[in-house]
Amino acid sequence: MLNFAYHYGVRPLLFSLAPELAHHLAIATCRQVSNSSALQMIAKSSFCYNDGRLSQTLWNLKFANPVGLAAGFDKNAEAIGAWEHLGFGFAEVGTITAKAQSGNPQPRLFRLPSDHAVLNRMGFNNRGASATAIAIQNYLADHKLSIPLGINLGKSKVTELADAKFDYAESLRSLYNFGDYFVVNVSSPNTPNLRDLQATDQLCGILAELQPINTANKPILVKIAPDLNDADIIEIVQVSQAYGVAGIIATNTTISRQNLTTTHLSITGKPVTEEAGGISGQPLRDRSLAVINLIWQNTNGSLPIIGVGGIFNTDDAWQKITAGAAIVQVYTGLIYEGPLVVKQILQGLVAKLEANGLDNIQQAIGLDHR
């Protein structure tokens, strides 16, 4: 019933609105859930699914299930108390930069319904690390989270590339007490030249600058672009291992426009090939899966992977896990499939475990390679 209501009631209403306005309404609703125990109980009864076979410990953190919220949805950590009650096993907020910034000019968020995709060029719009830290601190003074909270860090647009490492360090210092894990985002296509930070010398500098701040040895991960060639991905993995990075997030959005059904954006009237921004959703699914396979094969499964890109259902999540992802994240799938998508994926994963004679989700990680 709830699934029917979303697909034939809520989603058409949201899709009738400008994408960014619809996103603001979704966040406002989740913020209400985050602040109301009554709404949390209602959400939990509708959207949560628990099965011990889906739980695992990773980086000394307990994940009740392997499906998390990807960065980009809760940019300002406004609704951190809602995500566990919507069924997620963990949530990643941000991207957050050291300096507050408004992001790129609007319109900057576009739906591609025929491709089950989203094109965004938001540009890390957020209230800045210090303000976000205060907001999280104030919330946690009266509430407790039962799922791991990840914080995704990016470079401020006004910061020169040569000073990027100091920018990331400033953000990490501000937010260090509040995240269970942190992500170095050097792969968004929406901040000029940000992807240049994936180069070995730049990435080494950032990771070296963060090490002295990480006194509690919290997990620090690197999020990579799907558009890198395989050799560059392997090089990033090797650098990450050398600096003790806890894992890789594969992958960010893609700048590729290949195999899209959408030819023009109705809002701008321009060909999609001429529009800047990264694409998420189903067009990203196969490439992110290939990157996960590549990382697993080149590390013998020793470096944990968070798989993200085009997860809409159980089969999508299962493919990523059996390719080598320890946990996975959804964002665009949440937009198209609605809040029941997490519960449906989790129920399906349990069925997959049973069908394959497995006792726990950990036994499925990298199964395709064994």
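**Reading a predicted fold, feature by feature**

Biologist: T251 lies in the loop between β10 (247–250) and β11 (278–281). Which peptide bond leads from A250 to T251, cis or trans?

Modeller: The A250 to T251 bond is cis, with omega near 10°. Some ground rules. This is a predicted model, in which local features need pLDDT of at least 70 and side-chain atom pairs count only at pLDDT 80 or more, while totals for chains, interfaces and linings use all residues. Residues are numbered from 1 along each chain as its sequence is written, and side-chain values use heavy atoms, leaving out hydrogens and water.

Biologist: How are the helices and strands defined?

Modeller: They are DSSP runs, numbered from the N terminus: helices are H or I with at least four residues, strands are E with at least two. What is the peptide bond from G94 to T95? It is cis too, with omega near 15°.

Biologist: Next, backbone phi. What is the phi of W59?

Modeller: Positive, about 55°, although W59 is not a glycine. W59 sits in the loop between β1 and β2 (61–63). N217 also has a positive phi of about 55° and is not a glycine. That residue is in the loop between α6 (200–210) and β9 (220–224).

Biologist: Is W59 buried or exposed?

Modeller: Take the cut-offs before the case. Buried means under 20% relative accessible area, exposed over 50%, and partly exposed in between, with a 1.4 Å probe and protein chains only. W59 has 19%, so W59 is buried. N217 has 65%, so N217 counts as exposed.

Biologist: On to salt bridges. How many are there?

Modeller: A salt bridge is a side-chain nitrogen of Lys or Arg within 4 Å of a carboxyl oxygen of Asp or Glu. By this rule there are 11 salt bridges. Take E78 and R31, whose side chains meet at 2.7 Å, N to O. This pair links distant parts of the chain, 47 residues apart. E78 is in the loop between β3 (67–69) and β4 (90–96), and R31 is in helix α2 (residues 19–35). E78 is partly exposed at 31%. R31 is partly exposed at 29%.

Biologist: Which residue forms a salt bridge with R53?

Modeller: E354 does, with the closest N and O atoms 3.0 Å apart. R53 is partly exposed, at 27%. Now K99 and E170: their side chains form a salt bridge at 3.5 Å, N to O. K99 is in the loop between β4 and β5 (109–112), E170 in helix α5 (residues 164–175), 71 residues apart. K99 is partly exposed at 36%, and E170 is partly exposed at 28%. Shared partners also join D51, R53 and E354 into one salt-bridge network.

Biologist: Now a strand. Which way do the side chains of β13 point?

Modeller: In a regular strand the side chains alternate between the two faces of the sheet. In β13 (residues 327–330), I327 and Q329 point one way, V328 and V330 the other. All of them are buried.

Biologist: Which strand does β3 join, and is the pairing parallel or antiparallel?

Modeller: Two strands pair if DSSP finds at least two bridges between them. β3 and β13 run parallel, joined by 3 bridges. V67 has V328 as its bridge partner in β13. Strand β12 (residues 305–308) also pairs with β13 in the parallel sense, over 3 bridges. There, G307 stands opposite V328.

Biologist: What handedness has the unit made by β12, helix α9 and β13?

Modeller: A crossover is right-handed if, with the strands pointing away from the viewer, the path from the first strand over the helix to the second runs clockwise. β12, helix α9 (residues 314–323) and β13 make a right-handed β-α-β unit.
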